[in-house]
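Colleague: Could we go through this model together? I would like to begin with the overall picture and then turn to particular places.

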Amino acid sequence: MRFLIFFLSLTTSLLPAFTFAKNSRHALKVKSEPTTAHHHKKSTKKGTVGTESEFTNFVQWKSVTEFIDHMHEQHGFELHELATLFSNASYLEKVVKLINPPAAGKSKNWTAYRQRFHEPVRVRSGLLFWDKYETELRRAQSEFGIPPEIIVGILGVETIYGRSQGTIRVVDALTTLGFAYPETGNRETRMRYFRQELEQVLLYARENNLDPLSLSGSFAGAIGLPQFMPGSIRRYAVDFDGDGRIDLRNSPADAIGSVASFLTHHGWTNDLPLTYPVTVDKTTEDQWKPLIGVVLAATHTMDELRRAGITSPLDIPPDLLVGLIDLEDGNHPTQYWVGSENFFAITKYNRSFYYAMAVIELGNAIKSRRQP
Ligand SMILES: [Ca+2]
């Protein structure tokens, strides 16, 4: 399961690991839903959504009306308002296409991955962002303990500091994925997840006095500079500019505070080092290989790893808990590292070693270029 998100757009933050489990590419069949739901006439088969079709009558779907009832009974939403909302929601074929995994057979390549993010435009934008929001970054460090370079690294990798937040209507994305997910083995689980996110976005919009249809984001419904899924917004995001609402799309301060809050909630501990390079003993591969990525956590001491054949040229504190990291690099030898709990906190943001390492590298590149 590890790293299935490797070659996908990074606008998938905070999706659970199973998001990109291997899907078949069968045509989307919408079972047990009325064919009257089709808005356009391009569908060729009953109950099948053709690739060019787009229907907007979600409100006629049984599963949608059940969801509406749930939102009414559980959270007191007005039935007619939800009916209006879903009659305005669109099925988006491109969302269904994007949620499918990339073509198989591509090898993982750390060098290629890091080059996507460790590049001049992102570094320059990061320098400007750091200068402009230095006060907020300092405050995030003092309140949450997260260093500026980590927050700057994440916001750079995610959206180039807000430049590419995604233009897909969140309600459309989550309605499409919540009720018309493509035919896959884990379809029911995935639809349940996206319906929960839809529930969360409606609650978030109400709490922050926003029109849910005005929210745009990634194809998976991630929002704002830090690309939080709605559930993560409600659990971890903070109003860091004090204007009384959480707005991750227009308030860089809210984005900064929310990234810091997220990492604190996911195990970040002040002042831990992040990573150390290590060397592996190929003759004991059967002992250390099973230690990679079993859990996204730092659970071993270096003493334990040494016994399995892992050594480091650097001095690693004997009481520091670490986890073993592998970065496959195309035709080049795989790189091995160990990471502390802080490294693994970043992988909770996006479940990939490559992602976390790219965040750290970008943040450090920007930090090293700042005027003292
Ligand atoms: Ca705010």
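Modeller: A residue counts as buried if 20 or more other C-beta atoms lie within 10 Å of its own, as exposed if 12 or fewer do, and as partly exposed in between, with C-beta atoms placed from the backbone. By that rule, buried residues make up 44% of the 372 residues in the chain. This is a predicted model, in which local features need pLDDT of at least 70 and side-chain atom pairs count only at pLDDT 80 or more, while totals for chains, interfaces and linings use all residues. Residues are numbered from 1 along each chain as its sequence is written.

Colleague: How many helices and strands does the chain have?

Modeller: There are 15 helices and 7 strands. Both are DSSP runs numbered from the N terminus, helices being H or I with at least four residues and strands E with at least two.

Colleague: Which residues touch the most other members of the largest nonpolar core?

Modeller: They are Ile 151, Leu 155, Ile 256, Val 259, Ala 358 and Val 359, in a core of 98 residues. Helix 15 (residues 353–369) gives the most to this core, with 11 residues. Such a core is a set of buried Ala, Val, Leu, Ile, Met, Phe, Trp, Tyr and Cys residues joined through C-beta atoms within 7 Å.

Colleague: And what does Ile 151 touch?

Modeller: Leaving aside residues up to four places away in sequence, Ile 151 touches Leu 137, Ala 140, Ile 146, Ile 256, Val 259 and Ala 260. Two residues are in contact if their C-beta atoms, placed from the backbone, lie within 7 Å.

Colleague: At what angle do helix 6 and helix 11 cross?

Modeller: Helix 6 (residues 134–144) and helix 11 (residues 252–265) cross at roughly 25°, and their axes come within 9 Å. Helix 6 is therefore roughly parallel to helix 11. Axes are lines fitted to C-alpha atoms, for helices over the stretch in contact, and angles run from 0 to 180 degrees between N-to-C directions. Angles under 35 degrees count as roughly parallel, over 145 as roughly antiparallel, 65 to 115 as roughly perpendicular and the rest as oblique.

Colleague: Which residues make that contact?

Modeller: Helix 6 contributes Glu 136, Leu 137, Ala 140 and Phe 144, and helix 11 contributes Ala 253, Ile 256, Gly 257, Ala 260, Ser 261 and Thr 264.

Colleague: How do helix 14 and helix 15 pack?

Modeller: Helix 14 (residues 341–349) packs on helix 15 at about 110°, with the axes 8 Å apart, so the two are roughly perpendicular. Phe 343, Ile 346 and Thr 347 of helix 14 meet Phe 353, Tyr 355, Ala 356 and Val 359 of helix 15.

Colleague: Let us turn to the loops. Is Ala 237 buried or exposed?

Modeller: Ala 237 is buried, because 25 C-beta neighbours lie inside 10 Å. Ala 237 sits in the loop between helix 10 (230–236) and helix 11. Its C-alpha is 7.1 Å from that of Phe 262, 25 residues apart in sequence.

Colleague: What about the backbone of Gln 227 and Asp 271?

Modeller: Neither is a glycine, yet Gln 227 has a positive phi of about 55° and Asp 271 one of about 70°. Gln 227 lies in the loop between strand 2 (216–217) and helix 10, and counts as buried with 31 C-beta neighbours inside 10 Å. Asp 271 is in the loop between helix 11 and strand 3 (275–277), and counts as exposed with 7 such neighbours inside 10 Å.
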